[in-house]
Amino acid sequence: MKIIVLDGEVLDESSTTWQDQLTWLDGELSSSVSAGYDWIVVAFHRPFVTATPPPNIPPLPTDHPNYDERIDDWSKKFSEYGVDIVLTGHLHYYERTYPI
């Protein structure tokens with residue numbers, strides 16, 4: 001099992017910071033696939049999307065100018081490399097988007 005932990009709070013950082021992490025993620029995922037891990041797990045703090053956000057505990061800020069781009073960046077990598085599960089915290093309840 002390979003566990004990759006990301007910094008999901010870099011939306012407000014420079015594009016260089018985001019791009020550095022995206023490049024690192026690509027390398028980690030690529031090497032994980034090459035190594036033949038049975039499971040690739042990715043974790044970060046705040047979810048990009050949620051079905052029912054509770055009051056006063058928002059997921060990532062949807063009004064941020066880079067929000068859609070950031071979701072797209074990670075989602076494409078997760079799909080491309082076959083990430084098995086993405087774990088997030090912050091909202092403190094269970095949700096899933098794909099049947100187990």
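These legends describe close-up views of a predicted model.

**View 1**
The secondary structure comes to two helices and three strands. Along the sequence, the protein chain follows the pattern β-α-β-α-β. Of its 100 residues, 36% count as buried. The elements shown in the views below include helix H1 (residues 15-35) and helix H2 (residues 67-80). The strands are E1 (residues 2-5), E2 (residues 40-44) and E3 (residues 85-88).

**View 1. Three strands make an open, parallel sheet.**
The strand order is E1-E2-E3, and the pairing is parallel. E1 and E3 stand at the edges. Each has a single partner strand, so one side of each is left without a neighbour in the sheet. On average, neighbouring strands are turned by 20° against each other, direction ignored. Four bridges join E1 to E2. E2 and E3 also pair over four bridges, again in the parallel sense.

**View 2. Bridge partners can be read off residue by residue.**
Start at Val41 in E2, the bridge partner of Ile3. Val41 also stands opposite Ile85 in E3. Move on to Val42, whose bridge partner in E3 is Val86.

**View 3. Strand E2 is largely enclosed.**
Five of the five residues of E2 are buried, so the strand is largely enclosed by the rest of the structure. Which residues of E2 point one way, and which the other? Ile40, Val42 and Phe44 point one way. Val41 and Ala43 point the other way. Residues of both groups are buried.

The structure holds three aromatic pairs. In one of them, the ring centres of Trp74 and Phe78 are 6.2 Å apart and the planes meet at 35°, so the pair counts as tilted. The tilted class begins where stacking ends, as planes under 30 degrees apart count as stacked. Trp74 and Phe78 both lie in helix H2. They are four residues apart, about one turn of the helix. Are these two residues buried or exposed? Trp74 is buried, and Phe78 is buried too. Ring pairs link Trp18, Phe44, Trp74 and Phe78 into a cluster. Phe44 is also one of the buried residues of E2.

Met1, Ile3, Val5, Trp39, Ile85 and Leu87 make a nonpolar surface patch of about 630 Å². E1 and E3 each supply at least two of its residues. Trp39 lies in the loop between H1 and E2. At 46% relative accessibility, Trp39 counts as partly exposed, because the exposed class needs over 50%.

Ala35 lies in helix H1. With 53% relative accessibility, Ala35 counts as exposed. How far apart in space are Ala35 and Lys2, C-alpha to C-alpha? The distance is 9.7 Å, although Ala35 and Lys2 are 33 residues apart in sequence.

Notes:
Residues are numbered from 1 along each chain as its sequence is written. This is a predicted model: local features need pLDDT of at least 70, side-chain atom pairs count only at pLDDT 80 or more; totals for chains, interfaces and linings use all residues. Side-chain values use heavy atoms; hydrogens and water are left out. Rings of Phe, Tyr and Trp (its six-membered ring) pair if their centres lie within 6.5 Å; planes under 30 degrees apart count as stacked, over 60 as edge-to-face and the rest as tilted. Buried means under 20% relative accessible area, exposed over 50%, partly exposed in between (1.4 Å probe, protein chains only). Two strands pair if DSSP finds at least two bridges between them. Patches are made of residues with over 30% relative accessible area and no salt bridge: like charges are joined within 9 Å, nonpolar side chains (Val, Leu, Ile, Met, Phe, Trp, Tyr) within 5 Å. Accessible areas come from the Shrake-Rupley method with a 1.4 Å probe; for residues, only the protein chains shown count as cover. A salt bridge is a side-chain nitrogen of Lys or Arg within 4 Å of a carboxyl oxygen of Asp or Glu. Axes are lines fitted to C-alpha atoms, for helices over the stretch in contact, and angles run from 0 to 180 degrees between N-to-C directions.
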